[in-house]
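This report describes selected local features of one protein chain.

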Amino acid sequence: RELVDLVMAPGQEAQSEDVLRAVLEREAVLSTGIGGGVAIPHAKTNAVTTLRIAAGRTADGVEFDALDGEPVRLCFLLVGPETDAGAHVKALSRIARVVRRESVRERLNQAKDSEEFLRVLDQAEAA
């Protein structure tokens with residue numbers, strides 16, 4: 001819910017509920033906890049007109065039924081319109097590729113603020 005609220009603009013409460021429902025329905029099919037303390041929940045819904053992405057982290061970890069059984073500490077939410085599957089899949093792939101490296105996950109978990117978090121992602125993708 002926190003990440004959904006981040007990707008939605010103020011005044012879009014009705015659409016936020018639609019987006020959350022789409023994400024939870026997708027998650028019910030198969031967990032998006034990819035292992036290594038990372039989850040990439042995602043959904044396609046007509047409640048949005050462009051691809052939206054939010055990231056969050058937690059020091060304690062969240063049970064996410066991840067593939068490796070470990071709690072999730074880094075979570076990347078992707079929500080896009082049903083009509084633009086290409087951008088959705090491309091973003092999903094790029095995030096998964098970057099966070100599969102343990103050194104990147106460690107640096108993301110240790111980032112002091114959102115600017116450093118984004119800088120780590122940018123550097124990892126450029127490498």
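## Terms and basis

Buried means under 20% relative accessible area, exposed means over 50%, and partly exposed lies in between, with a 1.4 Å probe and protein chains only. Helices (H or I, at least four residues) and strands (E, at least two) are DSSP runs, numbered from the N terminus.

This is a predicted model, in which local features need pLDDT of at least 70 and side-chain atom pairs count only at pLDDT 80 or more, while totals for chains, interfaces and linings use all residues. Residues are numbered from 1 along each chain as its sequence is written, and side-chain values use heavy atoms, with hydrogens and water left out.

## Helix H3

The buried residues of H3 are His-88, Ala-91, Ile-95, Val-98 and Val-99. Viewed down the axis of H3, these buried residues fall within an arc of 110° (the arc of the directions from the helix axis to the C-beta atoms), so they line one face of the helix. Gly-86, Val-89 and Lys-90 are exposed on the other side of H3.

His-88 lies in H3, which runs over residues 85–99. With 4% relative accessibility, His-88 counts as buried. Contact here means heavy atoms within 4.5 Å. Leaving aside neighbours within four places in sequence, His-88 is in contact with His-42, Ala-43, Lys-44, Leu-51, Leu-78 and Gly-80.

## Helix H2

Helix H2 covers residues 13–29. From its first C-alpha to its last, this 17-residue helix reaches 25 Å, close to the 24 Å expected at 1.5 Å a residue. Ser-16, Val-19, Leu-20, Ala-22, Val-23 and Glu-27 are buried in H2. Seen down the axis of H2, the buried residues fall within an arc of 160°, so they line one face of the helix.

What do the buried residues of H2 pack against? Their partners are helix H1 (2–7), strand S1 (33–35), strand S3 (42–44) and strand S5 (72–80). The face of H2 turned away from the buried side carries the exposed residues Ala-14, Glu-25, Ala-28 and Val-29.

## Salt bridges

Side chains of opposite charge can pair when their charged atoms come close. A salt bridge is a side-chain nitrogen of Lys or Arg within 4 Å of a carboxyl oxygen of Asp or Glu. By this rule the count is three salt bridges. One of them joins Arg-1 and Glu-17, whose closest N and O atoms are 2.9 Å apart. Arg-1 lies in the segment before H1 and Glu-17 in helix H2, so this pair ties together parts 16 residues apart in sequence. Arg-1 counts as exposed at 53% relative accessibility, while Glu-17 is partly exposed with a relative accessible area of 36%.

Asp-18 and Arg-21 form a salt bridge at 2.6 Å, N to O. Both residues lie in helix H2, three residues apart, about one turn of the helix. Asp-18 is partly exposed at 34% relative accessibility, and Arg-21 is partly exposed at 43%. The side chains of Glu-125 and Arg-94 also meet in a salt bridge, at 2.4 Å, N to O. This pair links distant parts of the chain, with Glu-125 in helix H5 (residues 114–126) and Arg-94 in helix H3, 31 residues apart. Glu-125 is partly exposed with a relative accessible area of 34%, and Arg-94 is partly exposed at 35% relative accessibility.

Arg-52 lies in strand S4 (residues 52–62).

A polar atom of the Arg-52 side chain lies 3.1 Å from the backbone oxygen of Val-7. Not counting residues up to four places away in sequence, Arg-52 touches Val-7, Met-8, Ala-9, Gln-12, Leu-77, Leu-78 and Val-79.

## Gly-36

Gly-36 is found in the loop between S1 and strand S2 (38–39). At 37% relative accessibility, Gly-36 counts as partly exposed. Beyond the neighbours within four places in sequence, Gly-36 is in contact with Asp-68 and Arg-105. The C-alpha atoms of Gly-36 and Cys-75 are separated by 11 Å, with the two residues 39 apart along the chain.

Technical notes. Polar contact = N/O pair within 3.5 Å; in protein donor to acceptor, adjacent residues only side chain to side chain. Expected span 1.5 Å × (residues − 1).
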